[in-house]
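Hi everyone, thanks for making time for this one. I'd like to walk you through a structure, so please have a look at it on the screen.

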Amino acid sequence: MIKIKTKPSEDVLYGESKWWGFPDLPDELDWPTVKADDDGEEFDDPLTFICQIKCSDIAPLDPEGLLPHEGMLYFFAALDYFLGDLDAFTTPGMGEWPSDCFKVLYSPVCENLNTHTLMYDEDTPAAPAPESISFGDFKDSYTQILGEPLIEEVREALPGYVPLLQIDENDDWGLRFFDCGMLCFMIKPADLAARRFDKVKAWLYSS
């Protein structure tokens with residue numbers, strides 16, 4: 001398993017591994033959205049950008065080559081409610097999430113990227129402040145890549161799947177999954193080997 005730690009950063013972090021902030025996407029990838037309804041008017045609601053992971057950063061910690069070692073992985077999900085927006089238009093519940101409520105994207109390159117931004121107004125970013133990411137064997141972190149599903153309920157519900165990313169709630173981020181929980185992006189090993197990130201499932205556990 002590869003544990004994750006983050007810390008606030010004043011750096012731009014363009015094209016680097018980062019948590020929150022805004023994604024740096026190649027031309028062929030768009031910021032994913034979910035259909036939402038506002039008093040009968042349907043619109044495309046952008047999913048929360050969680051993180052982008054520069055695959056070369058994790059390559060030394062993945063000797064079996066389970067993950068791509070080049071390019072960038074991007075994670076998005078409907079997290080606004082869990083970040084404190086109680087009026088969020090899309091609020092998935094516990095268990096398996098609908099496929100339009102999350103997205104994992106992969107680009108084989110980390111060059112010529114475009115930073116996509118969302119603003120509440122001219123001066124207020126519609127995203128938590130970006131944080132840099134460190135990867136390693138951190139004993140006090142439960143946010144991780146690969147390894148075993150940390151939650152028994154997830155292991156039982158998705159046998160044979162491995163965690164592509166498990167996200168623990170975090171008071172520093174204001175991230176809380178109902179009472180106490182974890183969001184797990186799960187994938188079958190064969191789909192991971194084939195880089196079929198469209199086959200990922202998301203499962204929310206909360207006690």
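Let me begin with a term we will need: a residue is called buried under 20% relative accessible area, exposed over 50%, and partly exposed in between. And please keep in mind that what you see is a predicted model.

With that cut-off in hand, take Arg 176. Its relative accessibility is 36%, so Arg 176 counts as partly exposed. Arg 176 forms a salt bridge with Glu 169, and the closest N and O atoms of the two are 2.9 Å apart. Is Glu 169 buried or exposed? Glu 169 has a relative accessible area of 14%, and therefore it is buried.

Now for the overall picture. The protein chain has three helices and 17 strands. Its radius of gyration is 16 Å, close to the 17 Å that the globule rule gives for 207 residues, so the chain is as compact as a globular protein of that length. Along the principal axes, the C-alpha atoms fill a box of roughly 50 × 40 × 30 Å. Of the 207 residues in the chain, 46% are buried.

Back to the charges. How many salt bridges does the structure hold? The count is nine.

Pro 98 belongs to the loop between strand 8 and strand 9 (102-107). Pro 98 and Trp 203 are 105 residues apart in sequence, with their C-alpha atoms 9.4 Å apart in space. With 44% relative accessibility, Pro 98 counts as partly exposed.

A further salt bridge joins the side chains of Arg 196 and Asp 198, at 2.6 Å from N to O. Arg 196 has a relative accessible area of 34%, so it is partly exposed, while Asp 198, at 55%, counts as exposed. Elsewhere, salt bridges that share partners tie Glu 169, Asp 171 and Arg 176 into one network.

Next, a spot on the surface. Which residues gather there in a patch of negative charge? They are Asp 37, Asp 38, Asp 39, Glu 41 and Glu 42. Strand 4 (33-38) and strand 5 (41-46) each supply at least two residues of this negative patch. Asp 39 has its place in the loop between those two strands, and Asp 39 counts as exposed because its relative accessibility is 79%.

Finally, some backbone angles for those of you who like torsions. Most residues other than glycine have a negative phi. Leu 13 has a positive phi of about 65°, and Leu 146 has a positive phi too, near 60°. Leu 13 lies in the loop between strand 1 (2-8) and strand 2 (18-19), and with a relative accessible area of 10% it is buried. Leu 146 lies in the loop between strand 14 (144-145) and helix 2 (152-157). Leu 146 is buried because its relative accessible area is 9%.

Note on methods: Residues numbered from 1 in each chain as written. Predicted model: local features only at pLDDT ≥ 70, side-chain atom pairs only at ≥ 80, totals over all residues. Heavy atoms only, no water. Patch = residues over 30% accessible without salt bridge, like charges linked within 9 Å, V, L, I, M, F, W, Y side chains within 5 Å. Areas by Shrake-Rupley, 256 points an atom, 1.4 Å probe, with all protein chains shown as cover. Salt bridge = Lys/Arg side-chain N within 4 Å of Asp/Glu carboxyl O. Lys, Arg positive; Asp, Glu negative; His and termini not counted. Charge placed at Lys NZ, Arg CZ, Asp CG, Glu CD. Helix = DSSP H or I, 4+ residues; strand = E, 2+ residues; numbered from the N terminus. Buried < 20%, exposed > 50% of the residue type's maximum accessible area, 1.4 Å probe, protein only. Rg over C-alpha atoms; globule rule 2.2 N^0.38 Å.
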